[in-house]
Amino acid sequence: MPPGLEGDGEVIALQTDDPGALALEIDNRTAGILIAPVRTKTGFEVVPGAVLARLRETADEYGLVLAYDESVCGLGRSGMLWAHEWTGVTPDVMVVLHRHGNAPPLAALVVTQRLARGAPGGGPSLVDRSALLTGRALVDGLTAPGFLERVQNRGWRLEDRLVELFYKRRGAFMALGGIGLMQCLECPGEAEPLRAMLAEHGLLTRAMGSRLGLFPRLTVEESEIDAAVSIIDAVCAREMQ
């Protein structure tokens, strides 16, 4: 459950994407549907566009708000400004989050113009001027000509190198997947031991159950991608001896 919603009896967390199970939970108290287009909490999964499209249909049919949590996958990390753009299924609300070094995290709630018309107005501002300027500078940088195209190219480079590694070290990994600069390798068991070994060699990755996640910064260079994959290859070669 997302932070702040634990123990909230009015929020139902479904453990399935089955549309029938979702429909059974909808009643006259239901306000909306919240889903992360890329799930990284206990594993790594890119939600298929067909699932998001079905949720969009359900939300429209019952008059619900469809909300995406893009706090992990938004702001360029997928190669698009927003991860859901790859599917063409637009939400009514998005939760986004940006963390940069030791600076305070920048969070935002993005809504469509249609939904914004019904929002209450006249209250105090929810954000100060410095946060607005920081957010504006961030979005300007991400949408600068050629920046996201470069991110896409780096994402494809990472994916291609991991595919090569996967077929070279078939005994070390069960599957691979991801989107943009969010990629993962599935290990036969828990990924934590491999994560620890890679960290000893200077490569920081993330263990998510049986999946080893790679989340390089958006400005990563091709040489850094090649070096990272070479480290994984060397560690796997040593462990398989």
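Predicted model: local features only at pLDDT ≥ 70, side-chain atom pairs only at ≥ 80, totals over all residues.
Biologist: Is Ile-232 buried or exposed?

Modeller: Residues are numbered from 1 along each chain as its sequence is written, and side-chain values use heavy atoms, leaving out hydrogens and water. Buried means under 20% relative accessible area, exposed over 50% and partly exposed in between, with a 1.4 Å probe and protein chains only. Because the relative accessible area of Ile-232 is 0%, Ile-232 is buried.

Biologist: Which helix holds Ile-232?

Modeller: Helices are DSSP runs of H or I with at least four residues, strands are E runs of at least two, and both are numbered from the N terminus. The chain has seven helices and 10 strands. Ile-232 lies within residues 222-239, which form helix α7.

Biologist: Which residues does Ile-232 touch?

Modeller: A contact means heavy atoms within 4.5 Å. Leaving out residues up to four places away in sequence, Ile-232 touches Phe-173, Leu-165, Leu-185, Leu-198, Leu-203 and Leu-214.

Biologist: How many Å separate Ile-232 and Gln-113 in space?

Modeller: The C-alpha atoms of the chain fill a box of roughly 65 × 45 × 30 Å along the principal axes. Ile-232 and Gln-113 are 119 residues apart in sequence, and their C-alpha to C-alpha distance is 46 Å.

Biologist: What share of the chain is buried?

Modeller: The chain has 241 residues. Of these, the buried share is 36%.
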